[in-house]
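Biologist: Could you put the model up, so that we can go through it together?
Modeller: Here it comes, and after that please ask whatever you like.

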Amino acid sequence: MVETATEIAVSCAGVTKAYGSGQARVTALRGIDLEVRQGELLMLVGPSGCGKTTLISVIAGILDHDDGECRVFGEDLKAMSGSRRTRFRGDNIGFVFQQFNLIPTLTIAENVAVPLLIAGVSRREAVGRGRDLLNRVAIGDRWTALPSKLSGGQQQRVAIARALVHNPRLIVCDEPTSSLDHETGHKVMELMREVAAGDGRSLVVVTHDSRIFEFADRIARMDDGRIVSVTEKA
Amino acid sequence: MNFVAIKMLVGDRARYLGILMGLTFASLLITQQASIFEGLMARTYGFITDTGLPDIWVMDKKVLMIEDIKPLQDTMLYRVRGVEGVDWAMPLYKGLLKARLDNGSFQTCHVIGLDDATLVGGPGTMVEGRLEDLRRADSVIVDIVGAEGKLARPAEKAGGDKIPIKVGDTLELNDHRAIVVGICRTTRTFQSQPVIYTTYSRATLFAPQERKLLSFVLVKAKAGENQAEVCRRIEAATGLAAYTQQGFKDLTYDYFMKYTGIPINFGIAVLLGFIVGTAIAGQTFFNFTVDNIKYFAALKAMGARDSQLLGMILLQAMIVGAIGWGIGVGAASLFGFLLRDTELSFLLTWKLLVISGCAIMVICTLSALLSIRTVMRAEPAIVFKG
């Protein structure tokens, strides 16, 4: 892994992305220039269809952009082979999804352990570390429960624990509070700030939930595939 | 990741049971139908199996199977006895004769004539009486299925049970009196006629007079002699055909395979089991994968390599395959066991277990290939689609 001299976790310059071809071609990103600093919580906000999800997919290395350059911790993900990029994601990036994507037949401790299992850690150790993370997100007493037995807020805590368990340097979150009520969403964001955004870890949070903007260090506003403004926290 | 794969599979009870049901059904149908086929085919050479003592069967060169009798001259027996490597050679008569029943009707029976002195080729199991009783005048031994079935006497009153013939009863074989001195048990043969054992000389007396009446010469090779080599010598010396016991079984088996519709009829049933199993299990397994595609995509996003996902799917397929095959084979075995005393022909051999196992493995592999293709093509980016 190449460390950059700067404190930039992610840098995008002139990133474009289009879907389809011919008359059905839709341009999702129209030359994105964006930097995510190490240790900051950046929110990507904007109306539906403005390209937020496409942008974090590119940043997370699960979608190839067409033009421009996107570097994550100094690495050009597009230039990597598929297997190397997969390994890079497994080592460096954590995910929090809108729909949680917890495997319903695994206990929550096992769900949290999944990134470690992917990395080849033994089941016993992985689940043990999963339980530790569940304690940190204040749900350790329910480690044997199945996801279906938990509320939406609790499931999102589990998802946060899963995103953290392998100690990634970047976490991408897609609408982490959209499935939650205001109070629960607030608590989840507090948790993200306390637990996730530490140790120089960067968070990129896609949201259109203005009630959680207060948790951002910076807010990048998107519209029609472009970053229209980036504002620092007051 | 193995335990994740297993818990994903068994945790989804409905789909898991659906896949298992499809594979169990396929395994059951394939194993059961193939076992009935094998049982039926084993009946074609049931008489050879029962006549266990000789090593070699000698017959006319044109004989195609055990029921295809082409009589030899009695002198052939002495020519065979003179061949090097032959320990002993005995005559055997085998023919279809009509028995007249008490109600006036006739029943065609298999009459087996054994060497008068040694009674070589007699039934393996005597239910009543002794084989040596055949040395008594006009004596015959009747197989129990025939005695209780087609040769049984009419019921004393209308609607009553037929009365099995028993030791001491008489039969009329081709206008000759025959006294039942024993009841035996024989391996079921492909034909359903009763089997009647008697001596060779008496059998030729019962049979219509013909110039040639010797059906087979039963040969025991000398200890240490190569049976195939003795067969070759007999053929060279007599111009007859000589087969080892297994060789004669194979000849009969091959005849029925080639000239009857049995293989294709059972083959269709087995193929149907395979197709239905593939359809049910394949479809359910594929649906299971499609339903879990967002979790597989999430695993991809989180860094799972294609090889790991491939391993997970193959493991899932192999687990349901092994369990489904086991249950299906178990059910087929139970079916055969429960119906062991009936007319059902059922022979489950280790080869059939291997064949049904391979068939289930093919079904699982096909199912897994469909699923693997879906998972491999899944874009991890779909995890961000709410």
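Modeller: In chain B, helix α1 covers residues 2–11, and its buried residues are B:F3, B:V4, B:A5, B:M8 and B:L9; helices here are DSSP runs of H or I with at least four residues, strands are E runs of at least two, and both are numbered from the N terminus. Buried means under 20% relative accessible area, exposed over 50% and partly exposed in between, with a 1.4 Å probe and protein chains only.

Biologist: What covers the buried residues of α1(B)?
Modeller: The cover includes α3 (108–118) and α4 (123–136) of chain A, together with α2 (13–44), α9 (262–291), α10 (293–301) and α11 (306–338) of chain B, where contact means heavy atoms within 4.5 Å.

Biologist: Before I go on, what should I know about the numbering and the model?
Modeller: This is a predicted model, in which local features need pLDDT of at least 70 and side-chain atom pairs count only at pLDDT 80 or more, while totals for chains, interfaces and linings use all residues. Residues are numbered from 1 along each chain as its sequence is written, chains are lettered from A and ligands numbered from 1 in the order in which they are written, and side-chain values use heavy atoms, leaving out hydrogens and water.

Biologist: OK, how many helices and strands are in chain B?
Modeller: Chain B contains 12 helices and 10 strands, and buried residues make up 50% of its 386 residues.

Biologist: And which domains does the assignment give for chain B?
Modeller: An automatic or database domain assignment sets the bounds, giving domain 1 (2–43 + 261–384) and domain 2 (73–239) in chain B. Taken over C-alpha atoms, the centres of domain 1 and domain 2 of chain B are separated by 49 Å, and the C-alpha trace of the chain spans about 95 × 60 × 30 Å along its principal axes.

Biologist: Switching to B:Q245, is that residue buried or exposed?
Modeller: B:Q245 counts as buried because its relative accessibility is 18%. The residue lies in helix α8 (residues 245–259) of chain B.

Biologist: Which residues does B:Q245 touch?
Modeller: Leaving aside residues up to four places away in sequence, B:Q245 touches B:I48, B:T51, B:G52, B:P54, B:D55 and B:W57.

Biologist: Last one: where is A:A119 found?
Modeller: A:A119 is in the loop between α3 and α4 of chain A, and with a relative accessible area of 58% A:A119 is exposed.
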